[in-house]
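Thanks for coming. I have one model to go through today, so please have the sequence and the coordinates on screen.

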Amino acid sequence: MNFNGFKAGNMVLLFFLYILFFGITDIAFAQQRAVLSIGITPASELVVVVQASFHSDYGCMYPLTYQFDIPQGSSGLKVWKKNFSTDTWKSITEKTVNDFFNGIEAVRFDYPKNRAYVSVAFSVDTDSLLLEITDSNDNTIFPLYAGISKYYDNRRSAVTVTADDWQWASVANWGASQLVSLFRSYNLYVTVGVISDFHYTDLATWSVLQRQVDSGFVEVAAHSRNHLHTPYADPTGEINGCYDDIVNHLTLSEPFRRNSKEYVYAWIAPYGEFDHTTDSILTIRKYLIPRLYQTGYMNFSAWNDTMGHFEPCNPTLEIGVDTNLATMNAIFALTVRSGAVYHIMWHPQTLYNDRNKSYLINHLSNISNHKDVLYANFGHLYLYHLIQQANINTTVGIDRANNVAFKFELKQNYPNPFNPSTTILYNLSKPENVTLEIFDALGRQVKTVLRDMHQSMGQHQVIVDMGDYSSGVYFYELKAGNHLQMKPMVLLK
């Protein structure tokens with residue numbers, strides 16, 4: 001092999017070139033690369049890997065539901081999870097259709113339909129997770145991966161609630177806070193839009209909001225600093241400044257936090273107004289979804305590849321303006337039947353005076369606590385939807401006879417950087433003679449791991465020991481029939 005024109009430098013330069021290469025790759029090909037990669041290890045474990053930049057941008061702390069076809073006649077199955085291969089397996093809590101639960105790690109088995117629904121979240125510490133299913137005798141079974149459910153736990157439809165103008169929750173009247181507590185009493189999640197300028201939201205009001213966040217069911221969205229009409233005189237201050245005010249004044253709950261990084265997913269547009277400048281700033285700050293004000297919508301908005309966030313969406317109705325109980329209940333029933341999203345919004349200054357009225361109490365009772373409906377905060381609903389409908393690299397799976405459908409693929413070694421050994425995984429789409437070789441940064445072959453070794457279709461792994469080699473950037477190349485792929489790796493001693 002010959003790397004023409006490649007000049008050797010010192011070890012530090014090579015390492016930073018490596019980092020630069022992967023950094024550019026993450027940015028330039030973000031839309032082409034899969035958000036998730038899903039496959040089966042040789043030990044029959046399901047491995048799920050989220051793209052590192054996506055994990056950083058959005059946290060991914062809300063559970064996704066992975067579906068598996070399980071062997072007919074199964075019973076007493078268990079699902080286990082770990083994040084690192086060296087971790088101890090931990091069992092995932094089993095739930096049934098008779099349980100009411102949302103947004104937690106859980107497994108639900110539908111034995112009559114030979115299907116398992118496994119809902120798990122990524123860890124703060126790693127981009128990957130491993131799953132295994134065992135029978136009552138602790139034997140590993142071989143399920144067929146069947147995709148990610150449209151909604152968490154394969155629910156029929158979803159309910160989410162957004163509220164504007166949190167600043168109305170002043171110490172003098174406690175209005176929005178009382179309303180949030182009312183919705184919580186029905187197990188309804190509320191995403192509240194904060195106007196963050198000090199003249200609207202003083203320290204006492206932040207304290208009230210923090211207590212509501214700590215009580216659960218509450219997501220905090222940005223609603224600008226000053227609630228102005230567009231175009232804003234200071235659009236960066238209105239949009240990014242509001243985001244900064246939220247994370248500087250509040251400690252967000254764990255599903256909206258990954259270690260020290262906190263996530264504000266939603267922009268609630270003042271007056272429902274939206275322009276190109278706003279759109280661009282939302283892209284730069286990694287907002288996930290802007291919400292406008294026109295009612296009458298039940299479907300998800302589309303993902304905009306160019307802007308890197310969802311198109312602006314609108315709620316189904318505004319409760320407090322819409323007060324006809326029969327009509328609202330009928331719209332909810334239609335939404336559930338059609339498998340869509342029932343998204344209600346409210347303004348505290350409008351709804352507060354109706355907090356004890358029968359139409360509100362009866363409607364909240366009607367739409368809440370259904371075991372076949374997902375209840376989630378607005379940002380998590382759209383984060384789940386983004387991953388569920390994103391580009392995903394998948395291995396079809398393993399059937400009961402251990403037949404595997406794979407495409408040819410050389411995977412990134414792990415750990416990386418490494419010292420002194422690392423694992424290389426690859427897939428063969430059919431039986432092939434395989435050669436795996438290591439090259440240094442000058443293109444010189446330094447190690448042959450495999451030479452024309454005949455291997456079967458499926459996934460393979462080899463452990464490469466580089467203990468006798470010096471620190472630096474190396475390249476590993478896999479040849480199999482007419483296929484050839486190469487990837488870099490870093491040895492750091």
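How many of the residues of helix 10 are buried? The count is 10 of 11, so helix 10 is mostly covered. Buried here means under 20% relative accessible area, with exposed over 50% and partly exposed in between, using a 1.4 Å probe and protein chains only. Helices (H or I, at least four residues) and strands (E, at least two) are DSSP runs, numbered from the N terminus.

Some housekeeping before going on. This is a predicted model, in which local features need pLDDT of at least 70 and side-chain atom pairs count only at pLDDT 80 or more, while totals for chains, interfaces and linings use all residues. Residues are numbered from 1 along each chain as its sequence is written, and side-chain values use heavy atoms, with hydrogens and water left out.

Back to helix 10. The buried residues there are Phe-378, Gly-379, His-380, Leu-381, Tyr-382, Leu-383, Tyr-384, His-385, Leu-386 and Ile-387.

Helix 10 also takes part in a cavity lining. The cavity definition works on a 1 Å grid over the protein atoms alone: a cavity is a set of points where a 1.4 Å probe fits but cannot get out, and lining residues have an atom within 4 Å of a point. Grid points are joined across faces, edges and corners, and a volume is the space filled by probe spheres set on the points. With that rule there are three cavities of 30 Å³ or more.

Which residues line the second largest cavity? They are Thr-160, Tyr-297, Met-298, Asn-299, Phe-300, Cys-313, Asn-314, Val-341, His-343, Phe-378, Leu-381 and Tyr-382. Helix 10 (378–388) and strand 21 (341–346) each supply at least two of the lining residues. The largest share, three residues, comes from helix 10. By type, the lining has eight nonpolar residues, four polar and no charged. In this scheme Ala, Val, Leu, Ile, Met, Phe, Trp, Tyr, Cys and Pro are nonpolar, Asp, Glu, Lys and Arg are charged, and the others, Gly among them, are polar.

One of the lining residues is Cys-313, which counts as buried because its relative accessibility is 4%. Cys-242 counts as buried too, at 0%.

Next, Ser-301, in the loop between strand 17 (289–291) and strand 18 (303–304). Ser-301 is buried, at 13% relative accessibility. A polar atom of the Ser-301 side chain lies 2.8 Å from the backbone oxygen of Glu-311.

Now the sheets. Two strands pair if DSSP finds at least two bridges between them. An open sheet of five strands runs in the order 6-7-8-3-10, with mixed pairing. Strand 6 and strand 10 (144–148) are at the edges, each with a single partner strand, so one side of each is left without a neighbour in the sheet.

Why is strand 7 (residues 106–110) described as largely enclosed by the rest of the structure? Because five of its five residues are buried. Ala-106, Arg-108 and Asp-110 point one way from strand 7, and Val-107 and Phe-109 the other way.

On one side, strand 7 runs parallel to strand 6 (residues 94–95), joined by two bridges, with Lys-95 opposite Arg-108. With strand 8 (residues 115–120), strand 7 pairs in the antiparallel sense over five bridges. Ala-106 stands opposite Ser-119, and Phe-109 opposite Ala-116. The hairpin of strand 7 and strand 8 has four residues between the strands, and Asn-114 in that hairpin takes a positive phi near 55 degrees.

A further open sheet has three strands in the order 24-25-28, with antiparallel pairing. Strand 24 (409–410) and strand 28 (458–465) are its edge strands, each pairing on one side only. Strand 25 (residues 421–428) and strand 28 share eight bridges, and Tyr-426 has His-460 in strand 28 as its bridge partner.

Last item: Tyr-151, in the loop between strand 10 and strand 11 (157–163). Tyr-151 is buried, at 2% relative accessibility. Its C-alpha atom is separated by 9.9 Å from that of Tyr-375, 224 residues apart along the chain.

Note on methods. On a 1 Å grid over the protein atoms alone, a cavity is a set of points where a 1.4 Å probe fits but cannot get out, and a pocket is an open set with protein on both sides within 12 Å along at least five of seven lines; lining residues have an atom within 4 Å of a point. A polar contact is a pair of N or O atoms within 3.5 Å; within protein, one must be able to donate a hydrogen and the other to accept it, and residues adjacent in sequence count only if both atoms are side-chain atoms.
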